[in-house]
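Colleague: Hi! I have just opened this one, could you walk me through it?

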Amino acid sequence: MKKTTEKKVKRISRAGLARSVGGNAVNFIFLCIIAAFMALPLLYVISNAFKPMDEIFVYPPRLYVINPTLSNFKNLSSLMSQSWIPFSRYIFNSVFVTAISTFLQIIFASMAAYVLEKREFPGKRIFFGTVVISLMFTATVTAIPNYIIMNSLNMVNTYFALILPAAASSMGLYLMKQFIATSVPTVILEAARVDGASEMRIFWQIVMPLVKPAWLTLIIFSFQSIWSTTGNGYIYTETLKPLNYALSQVVSGGVARTGSAAAVAFIMLLPPLVVFIVSQSNILNTMASSGIKE
Amino acid sequence: MNKISLGEKIRYNLRLAKKNYDCYLFLLPFGILFAAFVVMPVAISIFFGFTDFNLLEMPELVGLKNYQKLFVDDEIFTIAFRNTIIIALVVGPIGYLASLLIAWQINELNNVLRAVMVTIMYAPSISGGAYTIWQYIFSNDSYGYINSVLISLGVIKKPVQFLSDTEWMLPIVIIVMIWMSLGAGFLSFVAGLKTIDKSFYEAGYIEGIKSRWQELWFITLPTMKPQLMFGAVMSITATFSAGAVGTQLFGSPSTDYAAHTIINHLEDYGNTRFEMGYACAIATVLFALMIICNELIKRLLNRVGT
């Protein structure tokens, strides 16, 4: 009896549990079909961006490109240079807003996450409970009431209108707290306290370096959300608007701009995708601790 | 069991708060922003929902008038409400289960294949505005991908008016949203599955688990309940804040409001008409829907693995 169990365990470690070759094959085919559904539209985006005009309007439509060209990107850049605001200004706006809000968020969220996870004080459960519920209330959902607040604080039509709400993202605090729970050992903190280190010092010199892997994830999430904002509703002055707004204006230009619009879709797609590919293992590491525990 | 009186409890908490006052200082910077831009909007929505307010004049209390208008007189809101619920009921469960099944299958692959698959599956949800490509795929004329394929296969003779036929608008929004539904929740599942202790499976096997489905239900799912909850929150977020996809593909408002959602209605009254009181009532309804949905899912998830 004991022997068969041992045998079983051995088989498990070699071939995985309760798996059949047929089942594995079916599952892999299932994955490939879904992968095709996910990837085809994106391939279409990519190939369109490099198609010359005659290929974009060819019948029947083709998924691939025969004579790749950069003319769409050239058209886009000449289109952009006609606008009375230099293209670089929009890029600056997007980069500036993303950088400042992400910086603020990392510092503020880490500070809050540290005490919420490692210290005991009245009110912390209510505070964190509110954060978890508010994970559902994203910027889209709170946009209108937020406008009333911005308006009363005189922040409509300033960078603050984009920066501050992004810095207050509950997702950042949430991920940071869960990450601290699994990767900052309480023993180290206690040892530092015994040695007489102040809380500020413990936070900056022990906690912050340990949660560095989670920084990148926070940076990427906030980059993704800011990359796709147009700032509509909060920002009226053309010179303060983010890149996505300028690009979305090109897309709404009709049939004549089909080529440039394809280039725009490609430009919008590329940065988040590349950033994700480069940092995938890091993000998955952070997300491993993302579960909601009760 | 000796009961602690309320007074003692308060005194104890005050002492604890005094001793750990520095915690509040750490919490303060985030707390201020969080209160101003996340908690306040919800509070403000609830309050202004009972008023008439156009940003210029002082808000005027009108009681339940906004809600009466919403649920009784505003036929467009009824459409928006219905569409949002349909989207949530279709996209939510499908996206959620797909995230789980796909993450589960990806977990069986080797590292290289897994990285490639995760990227492909996750890409649509971070593609920014790239979903406008569906406009070309569903294009009304025979240049549209779907139309051209269907015509060449002989299924149809004339191109289907996917983007103008009101019958097709909601289904198309749903397809595009399902395409984009493998987001943060999906990543959480992938990461969670990777970290499950192998010895659980070995123990389960000895206990008599026979198929991978039993393994999923009795071992994998109960172990990753926290991730399941997080995924649920993420999918509520995504489905109830639907609106941008419809606007992008069919314009705002869409013909006959066929793809109109609560968010579109909210933006219409908030950004265009500046009827802030009414917009806030709409937002309050949305918050309530999300919280109710979250509660229901929590109850459902507590039954997993039993």
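Modeller: Happy to. First a word on naming: helices are DSSP runs of H or I with at least four residues, strands are DSSP runs of E with at least two, and both are numbered from the N terminus. This is a predicted model, in which local features need pLDDT of at least 70 and side-chain atom pairs count only at pLDDT 80 or more, while totals for chains, interfaces and linings use all residues. Residues are numbered from 1 along each chain as its sequence is written, chains are lettered from A and ligands numbered from 1 in the order in which they are written, and side-chain values use heavy atoms, leaving out hydrogens and water.

Colleague: Great. Where does A:N157 lie?

Modeller: A:N157 is in the loop between α7 (139-152) and α8 (160-167) of chain A. Its phi is near 70 degrees, a positive value in a residue other than glycine.

Colleague: And is A:N157 buried, partly exposed or exposed?

Modeller: With a relative accessible area of 24%, A:N157 is partly exposed. Buried means under 20%, exposed means over 50%, and partly exposed is in between, using a 1.4 Å probe and protein chains only.

Colleague: What about A:L153, where is that found?

Modeller: A:L153 also sits in the loop between α7 and α8 of chain A, and is partly exposed at 46%. Its C-alpha atom is 29 Å from that of A:L175, 22 residues apart along the chain.

Colleague: Over to chain B. What is phi of B:L55?

Modeller: Phi of B:L55 is near 80 degrees, again positive in a residue other than glycine. B:L55 is in the loop between β1 and β2 (60-61) of chain B and counts as buried, with 18% relative accessibility.

Colleague: Which residues form the nonpolar patch on the surface?

Modeller: The patch consists of B:I46, B:F47, B:F50, B:L61 and B:L64, and together they have about 510 Å² of accessible area. Patch members have over 30% relative accessible area and no salt bridge; like charges are joined within 9 Å, and nonpolar side chains (Val, Leu, Ile, Met, Phe, Trp, Tyr) within 5 Å. The areas come from the Shrake-Rupley method with a 1.4 Å probe, and for residues only the protein chains shown count as cover.

Colleague: Where is B:F50 placed?

Modeller: B:F50 is in the loop between α2 (21-48) and β1 (51-52) of chain B, and is partly exposed at 31%.

Colleague: Changing topic: how many salt bridges are there over all chains?

Modeller: There are 11 salt bridges over all chains. A salt bridge is a side-chain nitrogen of Lys or Arg within 4 Å of a carboxyl oxygen of Asp or Glu. As background, side chains of opposite charge can pair when their charged atoms come close.

Colleague: Which parts does the pair B:E275 and B:K69 tie together?

Modeller: Those two side chains meet in a salt bridge at 3.8 Å, N to O. B:E275 lies in the loop between α14 (262-272) and α15 (276-301) of chain B and B:K69 in helix α3 (residues 65-73) of chain B, so the pair ties together parts that are 206 residues apart in sequence. B:E275 is partly exposed at 33%, and B:K69 is partly exposed at 29%.

Colleague: Which residues are linked in a network of salt bridges?

Modeller: A:R119, A:R193, A:E199 and B:D22.

Colleague: Last one: at what angle do α5 and α9 of chain B pack?

Modeller: Helix α5 (residues 111-122) of chain B and helix α9 (residues 184-194) of chain B pack at about 160 degrees, their axes 10 Å apart. Axes are lines fitted to C-alpha atoms, for helices over the stretch in contact, and angles run from 0 to 180 degrees between N-to-C directions.

Colleague: And what do you call that arrangement?

Modeller: α5(B) and α9(B) are therefore roughly antiparallel to each other. Angles under 35 degrees count as roughly parallel, over 145 as roughly antiparallel, 65 to 115 as roughly perpendicular, and the rest as oblique. The crossing of α5(B) and α9(B) is right-handed. A crossing is right-handed if the near helix is turned clockwise from the far one by less than a right angle, and left-handed if anticlockwise.
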